[in-house]
Amino acid sequence: MTLQIKDLAEYEKVYAESIKDPEAFWAAQADTFTWRKKWDKIKECNFDDVNINWFVGGKLNITENCLDRHIPSRANKTALLWEPNNPDDEVISYTYQELLNAVCKAANMLKANGITKGDRIILYMPMVPELAIMVLACARIGAIHSVVFAGFSAQALADRTQDAQAKMIVCSDINRRGTKIIPVKAIVDEAVAIGCPSVETVLVHQIGQEDIAWNHTIDKWIHHEVKDMSEVCEAEEMDAEDMLFILYTSGSTGKPKGVVHTCGGYMVYTCFSFKNVFQYKEEDVYWCTADIGWITGHSYIIYGPLLAGATTVMFEGVPTYPDAGRFWNICAKHKITQFYTAPTAIRALMACGDHWPEEYDLSSIKVLGTVGEPINEEAWHWYNEKIGKKKAPIVDTWWQTETGGILITPLPGITDTKPCYASYPLPGIEPVLVDSEGELVEGNNVEGLLCINQAWPSMIRTTYGDHERCKNVYFKMFKGRYFTGDGARRDEDGRIRVIGRVDDVINVSGHRMGTAEVENAINEHPNVIESAVVGFPHEIKGQGIYAYIITDQKEAVFADFFNEIKQTVAKEIGPIAKPDDIMVVSGLPKTRSGKIMRSILRKIAANDASNLGDISTLLNPEIVTEIKKTKGIN
Ligand code: PRX
């Protein structure tokens with residue numbers, strides 16, 4: 001069984017050992033899984049050319065570990081519990097045996113449709129059980145899944161599909177979110193029309209009753225395709241370093257990059273971290289509210305919990321439908337024991353009033369988790385008092401798409417908790433702070449750039465199709481270390497607080513947006529000459545998007561123009577990337593070499609005119625005065 005740390009003394013001992021002898025530590029963890037063939041060597045990792053290999057020579061299939069392995073002891077245990085958007089609709093649950101059967105059927109359907117090991121498949125689906133089943137079906141046959149969040153636009157979907165050179169898109173006809181119905185298949189049709197020549201088949205899962213547009217050459221209904229498939233599907237033997245999935249995420253420059261994770265290391269790390277961070281016990285019912293379109297859903301709705309033999313809950317809807325008590329209603333209904341959500345959701349629900357959680361019996365909750373963005377102190381205390389009743393420790397988990405799993409977090413009931421602090425590293429993880437020159441920032445009560453020293457099993461292997469980019473973004477800046485892109489502080493007791501991104505990445509409601517990506521989208525509007533986008537503090541979303549725009553639209557009706565800009569961004573990326581605020585400017589502050597001074601724009605967007613630095617060296621210092629004036633600050 002995977003190690004589950006029980007107390008502080010054990011954490012300290014295990015941590016020290018794991019850093020001193022990572023090979024021995026990870027070998028012991030990996031040993032608890034089903035391998036077709038054991039590894040020859042625990043790791044071969046080189047950060048210089050980013051050649052990361054764990055469990056070298058090992059052979060396995062992750063779905064055998066998520067499903068088949070549990071059949072002798074957990075065949076009738078609920079694996080997946082699905083709560084529908086509409087609270088009056090039926091809850092659907094799958095036991096481990098039923099989930100295995102469903103995954104095998106879906107895997108056979110993929111094979112019957114020409115999919116073989118190594119093919120890439122885009123999954124563009126809402127939060128329905130079939131999405132989890134399709135993820136696992138891909139893994140069963142060695143196809144590489146790339147889940148695209150169903151809120152992304154046709155253009156964003158087409159970009160990702162083409163970058164991955166995917167052979168198939170799996171989608172649904174519609175997506176139900178609160179009172180809204182989103183025409184998912186119509187968006188896929190649009191993406192295919194934009195151009196996805198690699199796509200041979202579109203498989204469609206039926207949710208609605210309405211007729212939808214149909215392309216007879218490539219579209220197929222899943223219920224037709226899956227009907228006669230066998231419930232037995234031999235799992236494909238995968239090398240530990242074969243690709244498991246690609247997940248696109250935004251960086252500070254260029255298009256979103258496809259973060260690649262592989263089979264063996266990801267399996268070992270997500271299971272280990274899940275069991276320890278949530279202290280999962282056999283009877284527990286664990287719920288993570290994330291969407292499977294993001295890494296949190298991959299690692300801590302599907303893989304981590306299933307690898308650990310847990311009952312994992314999946315929710316189709318939104319926190320405020322039919323009312324702001326929905327999350328708490330679900331917690332009470334299913335007697336949730338571990339509840340994992342994002343600070344944005346906590347802030348939004350806090351703003352709806354204390355009477356919502358007070359209506360429900362939340363006494364089953366033992367552990368509360370947060371992820372995706374810094375949690376402010378007020379929200380932390382509300383979560384602690386109103387949801388956890390001060391009895392459920394909060395695990396403020398820090399990690400990234402690239403890290404594959406949680407790296408820095410309190411362990412509930414084991415290490416202490418402090419508002420806003422992700423606190424301590426998990427075993428095998430060695431975080432350090434460095435200054436901009438790469439010098440170690442030692443001691444306590446200090447700030448620096450957060451790096452990770454040693455390799456860990458679930459770390460990024462490459463960015464799909466562009467290994468150089470992976471090297472440059474994460475490994476080149478500080479030799480021998482993985483650079484996270486985050487700034488952090490270490491307190492007097494050595495706890496770590498992650499402050500936020502130090503690059504041009506904005507974290508909106510826990511979703512990563514690259515400033516360049518949003519600017520490129522805005523620039524698609526015919527009347528935009530140039531734009532600059534920055535993040536600014538936002539009460540609910542953590543960060544909002546502020547866009548400065550130069551336009552040739554002289555007689556602009558700005559309300560309409562701004563609306564058009566927002567629609568342009570929604571079309572290019574998706575509604576989550578729409579700017580919250582827009583200012584028309586006659587120029588952007590630039591250095592003499594033409595670089596936009598985002599630090600100045602960031603401060604002004606935050607209504608802070610202090611310490612703008614020496615603006616006299618700018619190409620156009622007068623523009624700063626103009627922008628400040630328009631913003632109404634001095
Ligand atoms: O800035 C950090 C922030 O989210 C970034 C990673 O985003 P993404 O890859 O989308 O993954 C989110 C879910 C794992 C990080 O670089 N972040 C994540 N967790 C925390 C956080 N910031 C502060 N505290 C956290 N607990």
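1. Lys 479 and Asp 48 pair up in a salt bridge, with the closest N and O atoms 3.0 Å apart (a side-chain nitrogen of Lys or Arg within 4 Å of a carboxyl oxygen of Asp or Glu). Lys 479 sits in the loop between helix H16 (467–475) and strand E24 (482–490), and Asp 48 in the loop between strand E1 (41–46) and strand E2 (51–56), so the contact ties together parts 431 residues apart in sequence. Helices (H or I, at least four residues) and strands (E, at least two) are DSSP runs, numbered from the N terminus.

2. Before going on: this is a predicted model, where local features need pLDDT of at least 70 and side-chain atom pairs count only at pLDDT 80 or more, while totals for chains, interfaces and linings use all residues. Residues are numbered from 1 along each chain as its sequence is written, and side-chain values use heavy atoms, leaving out hydrogens and water.

3. Lys 479 is exposed at 64% relative accessible area, and Asp 48 is partly exposed at 48% (buried means under 20%, exposed over 50%, partly exposed in between; 1.4 Å probe, protein chains only).

4. Glu 83 and Lys 333 also meet in a salt bridge, at 3.0 Å from N to O. Glu 83 is in strand E4 (residues 78–83) and Lys 333 in helix H12 (residues 326–334), so this pair links parts 250 residues apart in sequence. Glu 83 is buried at 0% relative accessibility, whereas Lys 333 is partly exposed at 39%.

5. For the whole structure, the search turns up 39 salt bridges. Another one of them joins Asp 504 to Arg 598, with the closest N and O atoms 3.5 Å apart.
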